[in-house]
Amino acid sequence: MKVKESLYLEQKKPILKKLLERLLSRYEYASILANDSKSTYYRVSKTGTSISEDSTLSERGFCVKVFDRGQAAEYSFNAIEEDTVDAVFEEIAQRLAAIGAKLPQGVTAYTYPEVPDELLYINESTDYAVDPETKGDQNIIELLTRISRKGREYDKRIVNCSVAFTYQKYSKMFLSRNKDLTQNVMWSSGFISVSAKEGEEIQSSYKPVSMLGGIEVLDTLESKLDEACRVAIDLLQAEPITPGEYECICEPDVTGMIVHEAFGHGVEMDMFVKDRAQAREFIGKQVASELITMHDGACTIPQVATYFFDDEGVVAHDTVIIEKGILKTGICDAQSAMHLGIPGTGNGRRQDTTRKAYTRMTNTIFEAGTSKVEDMIASVKYGFLLCQASSGMEDPKNWGIQLMVDMAREIRDGKLTGKIYSPIVLTGYVPDLLKSISMISDTVTAGGSGYCGKGYKEWVKVSDGGPYIKAKIRLG
């Protein structure tokens, strides 16, 4: 089934078009982004049950953007009626004029060329099998409760099993002189978090799932329960690792974290504008193994960051960032694209209509290779299988990374020994790590249960992933 268009936005569209006409009578370019989104979060654990609206993802609002004599300004609001169009227009005109008159001393406004505004019509929706709203809160909680109880009964060492589910259903409309765009999207995600205790030792494991769709994602989530419980128990026997450089096989979620942190943020081209990313100096140069081809785009794969157009009215792309080891390009929002004199890539995203559009990742992956996972493990004389990505950070200016992984399974003479090390920190210089990749598996897995911030704020949904990779990595 297709996600239905927002009735609220349908009703507001004629009113917004009247506002757009007024704006275009005064400004050389004007656009309106309208958003109607809803998100609910469910969680069940030993300590209780909760249902709440996700305030970050739930919104009804509008954002006007205008260009006048090469300069841009924006104004957001959350209500408009037929009889308030003139008042909203006058408020916008007065506020934007005041902003232009208050530039800080020493600050010079940048003048942009004419805004691209090609003739375009889109009205698209994503698919789903079961709508969470139709399923109902009680049925969802009963499903999560059953999974949580089953996890707590798995082993006497399991002290808690927390199970969560969240979804977002949104409709967005983008109007300009030449564009009339509407999209209706629903994604869902969930996770199982298991805590185990033996003596004074406490460990936990985390298994997420996500998809473009509805509550059917919970079928996949339940299938992860046994693995989540086994990993939490295995970690009770984990030892600290001896720091050093090792041959490593990365599971797809760890590959995804490398993709996201090692090169994702580093090729967000608003950082090129600010001269805060070393990647700008390496366009056209080898930065990774010839086995590596990297993509980012809202239409690269169907996942939580899939959409048909971005928050600036640019059509979704599949951007090839690295092709056979060569850095080809970055990703950008529309304003950064104009500054750099290049086409936009459909990566202009806002946390909500009250926030600026920044260059943001969407679905970011490495392409599959040709190797079998068992052959990759068999090729390792001594090293580790890295499992369960936790968190990461990078320095785009100097291309350093620091990633956290919950577990490393020892490999000796091509076989898993059963010995486990934890916690694990991956560090290094990005090109060194990526150039060391020597094998890539023939399957790709991607997911997006979390969020990505621009620094410490501006949260949006992203997904990442890829195949298993073999590389030389510094662990500590």
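1. Is Arg 95 buried, exposed or partly exposed? Arg 95 is partly exposed, with a relative accessible area of 46%. Keep in mind that this is a predicted model.

2. Arg 95 has a partner. A salt bridge joins this arginine to Glu 91, with 3.0 Å between the closest N and O atoms. Both residues sit in helix H2, which covers residues 85-100. They are four residues apart there, so about one helical turn separates them. Glu 91 is partly exposed as well, at a relative accessible area of 26%.

3. Lys 169 forms a salt bridge with Glu 133, and their closest N and O atoms are 3.2 Å apart. Lys 169 belongs to strand S6 (residues 158-176), while Glu 133 belongs to helix H3 (residues 132-135). The two are 36 residues apart. Glu 133 counts as partly exposed, with 41% relative accessibility.

4. Now a pair of strands. Lys 470 forms a salt bridge with Glu 247. Here the closest N and O atoms are 3.5 Å apart. Lys 470 lies in strand S25 (residues 469-475), and Glu 247 lies in strand S9 (residues 244-250). The pair therefore ties together parts that are 223 residues apart in sequence.

5. How do the two ends of that bridge stand in accessibility? Lys 470 is buried, at 7% relative accessibility. Glu 247 is partly exposed, at 23%. The cut-off explains the labels: buried means under 20% relative accessible area.

6. Some bridges share partners. Through them, Lys 65, Glu 74, Glu 312 and Arg 350 are joined into one network. The count for the model comes to 33 salt bridges.

7. Last, a residue seen through its contacts. Thr 40 is placed in strand S1, residues 29-45. Its relative accessibility is 10%, so Thr 40 counts as buried. Which residues does Thr 40 contact, leaving aside its neighbours within four places in sequence? They are Ile 51, Ser 52, Glu 53 and Asp 54, together with Phe 165, Thr 166 and Tyr 167.

8. To look back over the pairs: Arg 95 and Glu 91 share helix H2. Lys 169 and Glu 133 bring together strand S6 and helix H3. Lys 470 and Glu 247 bring together strands S25 and S9.

Methods. Residues are numbered from 1 along each chain as its sequence is written. This is a predicted model: local features need pLDDT of at least 70, side-chain atom pairs count only at pLDDT 80 or more; totals for chains, interfaces and linings use all residues. Side-chain values use heavy atoms; hydrogens and water are left out. A salt bridge is a side-chain nitrogen of Lys or Arg within 4 Å of a carboxyl oxygen of Asp or Glu. Buried means under 20% relative accessible area, exposed over 50%, partly exposed in between (1.4 Å probe, protein chains only). Contact means heavy atoms within 4.5 Å.
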